[in-house]
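Have a look at the structure first, and then we will go through it topic by topic.

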Amino acid sequence: MWEKANMPISAQQLMEAGYPALSAIVMGKAGIASEADAEVFLHSTTVHDPAKIRNIDAVSDLIWDHIYSGKKICIFGDYDADGITGAAILYLALRRLGAKVVVRLPDRIEEGYGISLQAIDEQLELGAELFVTIDNGIRAVHEIEAIKKQGKKSIVLDHHLPGETLPEPDAMIDLWIPGETYPFQELTGAGLAWKVACYLLTQVSEYDYGMSLVDLAAIGTIADVAPLIGENRAIVKRALADMRNCWYARYGVKYIYGKPMDYITAEDIAFRIAPCINASGRLYAKGAELPLLLLLENNEEIADLLAGKVIEANEKRKKIQRECYEQMKQEAERRIAAGDKILVLYAPFAPSGVVGLIAGDLKEEYHRPCIVFAPKSDGTGQVIWCGSGRSIKAYHLLNGLNRCSDLFLHYGGHELAAGMSISADETMLEELRARLNEDASYLTEEDMQPVRQWDIAITEMDLTEELYEEMNCLEPFGTGVERPIFKMTLHVKSKNNKSYEIMGTDKKHLRLYCDSYQAVGFSLAEKYLQTELPGVMTGYGYPSENHYRGQTYKQFTLLDFEADQAQKGK
């Protein structure tokens with residue numbers, strides 16, 4: 001069901017200040033309320049001075065001490081794109097500064113999130129004197145203490161919310177710790193690593209090299225679904241400008257993208273590049289090391305080879321995800337028929353690294369909270385059930401889990417997504433299912449009906465050069481800055497004796513020929529055929545551009561449509 005979105009008061013105020021309706025709506029929904037903030041949103045690529053970060057001097061001094069003394073530094077990242085790109089940034093910076101440095105990433109399959117005692121012992125045996133965590137560590141109280149007991153140094157660089165007890169490393173930066181002096185809190189692990197790298201590099205007149213690492217910071221920022229406002233927006237804008245230039249030479253990124261980067265967008269990074277960086281870590285033991293090597297590789301031929309393996313892993317991930325999702329649908333529908341409002345499912349055949357993706361697919365399909373568990377080793381050889389959940393706006397997932405905390409070995413998350421583990425016990429799963437569904441008994445059928453919203457109504461005559469130019473000026477779109485959804489009546493016309501085309505290897509996608517543009521609908525072919533090829537329809541989507549062989553074609557990306565019943569088949 002589609003309905004008109006409410007216009008924020010701030011959007012109305014921006015319109016009164018002279019901004020076009022489209023720009024005002026996008027900025028208003030992004031939380032922009034003043035003309036000054038609007039100008040920054042639209043035009044600024046200014047980033048803050050990293051010297052404003054509390055404790056950055058302590059971090060810098062500790063790193064320089066180990067560089068000067070030739071002591072080994074171990075960067076401990078994470079297995080996702082933010083942790084991988086953050087580790088790559090700091091590794092490249094420290095190598096540039098002459099450090100003796102290595103990167104250690106956790107194994108998602110065998111070790112799980114964060115720095116572990118096992119990893120610490122391993123790196124101590126290899127001579128590590130300083131541990132630097134990126135994208136983790138703020139809750140590693142015992143692990144940081146273990147490093148200290150061995151007489152070694154540690155630095156925590158993290159962007160997650162701290163717990164009640166803070167670790168006690170030799171230096172620590174987390175912008176969410178009360179009392180922080182930096183003017184922007186929403187940096188990701190990669191963004192924070194970039195600020196530290198720039199601070200270090202600027203001290204030896206390597207400012208330009210520091211700025212050249214902004215593409216990695218942007219990939220981590222977008223992949224970690226951080227809001228594209230404030231400094232995050234500036235980071236992404238700078239990165240896109242660099243990546244669109246002919247001199248851009250991060251071969252790993254170029255080969256993952258797989259086509260000219262002249263018009264690459266934040267959404268391309270989110271849906272094309274980031275999934276490839278994440279894929280091998282989801283499927284394979286030590287899998288995160290492959291994309292790290294790819295991002296660090298400066299030999300073009302080797303980068304091409306590694307990119308092929310990363311892309312192959314992502315294709316395998318997509319296949320596994322699709323197959324697991326199809327297998328889980330029958331059980332999901334059985335649970336729904338039994339009255340469950342929250343789906344709590346066990347997928348014995350699924351890799352633990354993809355359960356969150358499957359839960360997300362099921363949540364979208366049935367529009368109700370969903371948790372999917374899969375078997376996983378806990379690192380000691382014992383099998384546990386590792387789960388990941390996705391929720392809807394009507395149900396606060398973490399609050400629900402808090403009321404079942406006695407059932408979990410570990411858990412954490414937020415309103416719409418969470419991770420957890422339980423003993424490999426069917427009765428434990430049944431207990432969790434029963435208690436969560438009792439907790440969610442207040443959910444109504446209306447709560448579980450998807451409602452999609454459109455922002456602005458236009459006609460086909462409004463698809464002008466000015467509109468496309470305004471859309472481009474509002475880029476980048478992403479988390480916190482939603483692409484506006486347009487409602488428009490489409491009139492399908494015959495071109496070369498055909499009015500539509502079914503596209504894609506799986507024949508799921510749709511192209512419609514209209515007067516001065518084409519409409520492209522992904523996964524809408526079946527719906528179009530089932531509605532008997534309507535010639536007139538109400539479409540919901542947005543103006544877009546297709547760049548092909550040096551030419552730019554205007555089109556309308558169709559997200560959904562409602563057929564005009566009187567015009568079916570005409």
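Two strands count as paired if DSSP finds at least two bridges between them. Helices (H or I, at least four residues) and strands (E, at least two) are DSSP runs, numbered from the N terminus. The model is predicted, so local features need pLDDT of at least 70 and side-chain atom pairs count only at pLDDT 80 or more, while totals for chains, interfaces and linings use all residues. Residues are numbered from 1 along each chain as its sequence is written, and side-chain values use heavy atoms, with hydrogens and water left out.

**A hairpin and its parallel neighbour**

- Strand β16 (residues 509-513) pairs with strand β17 (residues 518-521) in the antiparallel sense, over four bridges.
- Four residues lie between β16 and β17, and the two form a hairpin.
- L512 has A519 in β17 as its bridge partner.
- β17 is also joined by four bridges to strand β19 (residues 551-563), and these two run parallel.
- V520 has T557 in β19 as its bridge partner.

**The five-stranded sheet**

- An open sheet is built from five strands in the order β3-β2-β4-β5-β6, with parallel pairing.
- The edges are taken by β3 and β6 (171-174), each with a single partner strand, so one side of each has no neighbour in the sheet.
- From one strand to the next, the twist averages 15° (axes are lines fitted to C-alpha atoms, for helices over the stretch in contact, and angles run from 0 to 180 degrees between N-to-C directions).
- Strand β4 (residues 128-134) and strand β5 (residues 153-158) are a parallel pair with five bridges, and V132 stands opposite I155 in β5.
- Helix α4 (residues 56-68) packs on the sheet and touches β2, β4, β5 and β6, where contact means heavy atoms within 4.5 Å.
- The direction of α4 makes about 135° with that of β5.

**From β2 to β3**

- Strand β2 (residues 72-76) and strand β3 (residues 100-104) are a parallel pair with five bridges.
- F76 stands opposite R104 in β3.
- Between β2 and β3 the chain passes through helix α5 (residues 81-96), in a right-handed β-α-β crossover (with the strands pointing away from the viewer, the path from the first strand over the helix to the second runs clockwise).

**Helix α5 against helix α10**

- The axes of α5 and helix α10 (residues 214-223) come within 8 Å and cross at roughly 160°.
- That angle makes α5 roughly antiparallel to α10 (under 35 degrees counts as roughly parallel, over 145 as roughly antiparallel, 65 to 115 as roughly perpendicular and the rest as oblique).
- The crossing of α5 and α10 is left-handed, meaning that the near helix is turned anticlockwise from the far one by less than a right angle.
- On the α5 side the contact includes A81, T85 and I89, and on the α10 side L216, G220 and A223 are among the residues.
- The contact of α5 with α10 has eight nonpolar, two polar and one charged residues (Ala, Val, Leu, Ile, Met, Phe, Trp, Tyr, Cys and Pro count as nonpolar, Asp, Glu, Lys and Arg as charged, and the others, Gly among them, as polar).

**Helix α13 against helix α15**

- Helix α13 (residues 266-283) and helix α15 (residues 300-337) have axes that come within 8 Å and cross at roughly 70°.
- At that angle α13 is roughly perpendicular to α15, and the crossing is left-handed.
- Residues of α13 including P275, C276 and R282 meet residues of α15 including V310, N314 and K316.
- This contact of α13 with α15 divides into nine nonpolar, two polar and three charged residues.
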